[in-house]
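This briefing sets out selected features of the structure shown below. It takes the topics in turn: nonpolar cores, cavities, salt bridges and backbone geometry.

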Amino acid sequence: MIYLLITITVVFFLLNFQISKGDYLSPGPIFCLVFLASEIVVAVGQEAFHVILHPVTVGVLSLGFATFTFVMWLVQRKQLRPEGPAPGSFLSGPPEKPQAIDVPELWVWLLILVEIVTVYTFYKYLKDLMVAYDVFPKSMTERINLYDKLSKFMPKLYERLGVGLPMIYRLGNPITNAGAFIMLYVLVHNFSAVRRIRLSHLIAVGLMCVLIVMNGSRSPLLRVMTMALIMFYILECRNGRIRRGDPKLLKWIVILLIVVVIASIVLLVFMGRTDSDRDYFKYGFIYAGAPIVNLDTYLTHKKPDYGHQIIGAQTFRTFWNYMGKLFHVEHLRFGNINKFAFSRNKIEIGNVYTMYYPILYDFNIWGVIPLTGLMAWFYGQTYRKAERKPRKGKFDFRLFLYGYLFNDLLFAFFSCRFYETIGDAPFLKMVIVSWIFVKVIIEDCWNINRFARNPRLLSKKYRAAHPTA
């Protein structure tokens, strides 16, 4: 069955590759490729983990591929109507000369100051949490690992400790995330436009990465990397430096993937999340192949549960939990269903079941088509619009959002991250704060940058490069 599934996935990948006119980084081919990679890992590990896939799993995944492909065909058909692509698209005409985004250094260094305070506050919080837990880890790795376990797997004990996040951190974290992701956009945009990078922008993004590592999760760090990659690709196509689907870019993508895998393993060790046996093949299978195996186990051993009164309780769990916390409604606050699963030979293989698990749990097979279709429509339409230059202003918020959510498309084989992210409080706060930052600082709608660009605050080198500042 696994080889049948691989064959079906390859067919849908080729269909999407044809629909996208050879653009292998458009949503359709990417969606198929990530599942194909996971299926290959399952095939490699089927003997070690006694894997047997069943027809129902092949049917569910095939239905998802068919839905995604059909929606991408509709989007592409709309894009390539007889009247041709819209002006400003990198599909039409010679590109305009790109211009760098100029963010006053004062705002960047104020952001860096907020980030430093936020990082220090969270560092102190980790120490206070360990004291409350009555343990005294000697290293930062042990603190990060213990915080990760308490917050993710022992939430009741975590709440009973009574060590709340400091108010400074609660205020600084949304500003740090929004500001640093904006700086990431500006950094990538400016490098694509004029091949220049400012040190202050790198520091701002780097401090956010430090805070991410201290939180014990690698997923946001991968989001930073994937966001930079896809934005750079789209901007380079806009600027006419590469053509979409350029095969020369593939070697750099492969090199980057190798670097990401190595960095992920290093981070596992730093965060204290590896066992003493260092069985990296097992870890690779758990993260890359086990989600499909776990989905098969669920489909063949358990029936969907419709006992919860809330529509989409698991699919939209982060949104309902946020509403419950916001309006103090306990009925809306509930845990996830991601229980740790085992292979047929009793090896623990993680607690993720692909993006279809919560959808099947909430809506049965009838939820696969509309929810996969909605996800495909968002990515297809947003990617199509992100291909075009913004009509006014230099900051393209569509590209910014697509870059941020691109990571959730890449991890569709892993979990239902798209719906988890768009309903989650940190994302909603990040979008709101980012929009305000863009309007007030980058687009300068209140005309306050004239104060930030006071020549006495700027270096001679900066004034020489920006004579109108």
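The largest nonpolar core holds 111 residues, and Phe-31, Phe-35 and Tyr-356 touch the most other members. The model is a predicted one. Across the whole structure, a search finds 2 cavities of 30 Å³ or more and 10 salt bridges.

**Nonpolar cores**

- Beyond its neighbours within four places in sequence, Phe-35 is in contact with Leu-61, Phe-65, Ile-292, Thr-354, Met-355, Tyr-356, Ala-412 and Phe-413.
- In soluble globular proteins, nonpolar side chains tend to be buried together.

**Largest cavity**

- The largest cavity contains about 110 Å³ of space.
- Its lining is made up of 17 residues, and those nearest the centre of the cavity are Ser-26, Pro-27, Met-72, Gln-76 and Tyr-383.
- At least two lining residues come from each of helix 1 (2-19), helix 2 (27-45), helix 3 (55-79) and helix 15 (368-386).
- Helix 3 provides the largest share of this lining, with 4 residues.
- By class, the lining of the largest cavity comprises 6 nonpolar, 7 polar and 4 charged residues.

**Salt bridges**

- Arg-398 and Asp-396 form a salt bridge in which the closest N and O atoms are 3.1 Å apart. Arg-398 is partly exposed, at a relative accessible area of 31%, whereas Asp-396 counts as buried because its relative accessibility is 3%, under the 20% limit.
- Asp-102 pairs with Arg-198 in a salt bridge, with 3.3 Å between the closest N and O atoms. This pair links distant parts of the chain, 96 residues apart: Asp-102 lies in the loop between helix 3 and helix 4 (105-132), and Arg-198 in the loop between helix 7 (167-194) and helix 8 (199-214).
- Asp-102 has a relative accessible area of 21% and is therefore partly exposed, since buried means under 20%.
- Salt bridges with shared partners join Asp-102, Glu-105 and Arg-198 into one network.
- A salt bridge also connects the side chains of Arg-333 and Glu-330, at 3.7 Å from N to O. Here Arg-333 is partly exposed, with a relative accessible area of 39%, while Glu-330 counts as exposed, at 57% relative accessibility.

- Most residues other than glycine have a negative phi.
- His-50 is not a glycine, yet its phi is positive, near 50 degrees. His-50 is found in the loop between helix 2 and helix 3, where it is partly exposed, with a relative accessible area of 44%.
- Thr-354 likewise has a positive phi, of about 70 degrees, although it is not a glycine. Its place is in the loop between helix 13 (317-327) and helix 14 (356-363).

Terms used: Residues are numbered from 1 along each chain as its sequence is written. This is a predicted model: local features need pLDDT of at least 70, side-chain atom pairs count only at pLDDT 80 or more; totals for chains, interfaces and linings use all residues. Side-chain values use heavy atoms; hydrogens and water are left out. A nonpolar core is a set of buried Ala, Val, Leu, Ile, Met, Phe, Trp, Tyr and Cys residues joined through side-chain atoms within 4.5 Å. Buried means under 20% relative accessible area, exposed over 50%, partly exposed in between (1.4 Å probe, protein chains only). Contact means heavy atoms within 4.5 Å. On a 1 Å grid over the protein atoms alone, a cavity is a set of points where a 1.4 Å probe fits but cannot get out, and a pocket is an open set with protein on both sides within 12 Å along at least five of seven lines; lining residues have an atom within 4 Å of a point. Grid points are joined across faces, edges and corners, and a volume is the space filled by probe spheres set on the points. Ala, Val, Leu, Ile, Met, Phe, Trp, Tyr, Cys and Pro count as nonpolar, Asp, Glu, Lys and Arg as charged, and the others, Gly among them, as polar. A salt bridge is a side-chain nitrogen of Lys or Arg within 4 Å of a carboxyl oxygen of Asp or Glu.
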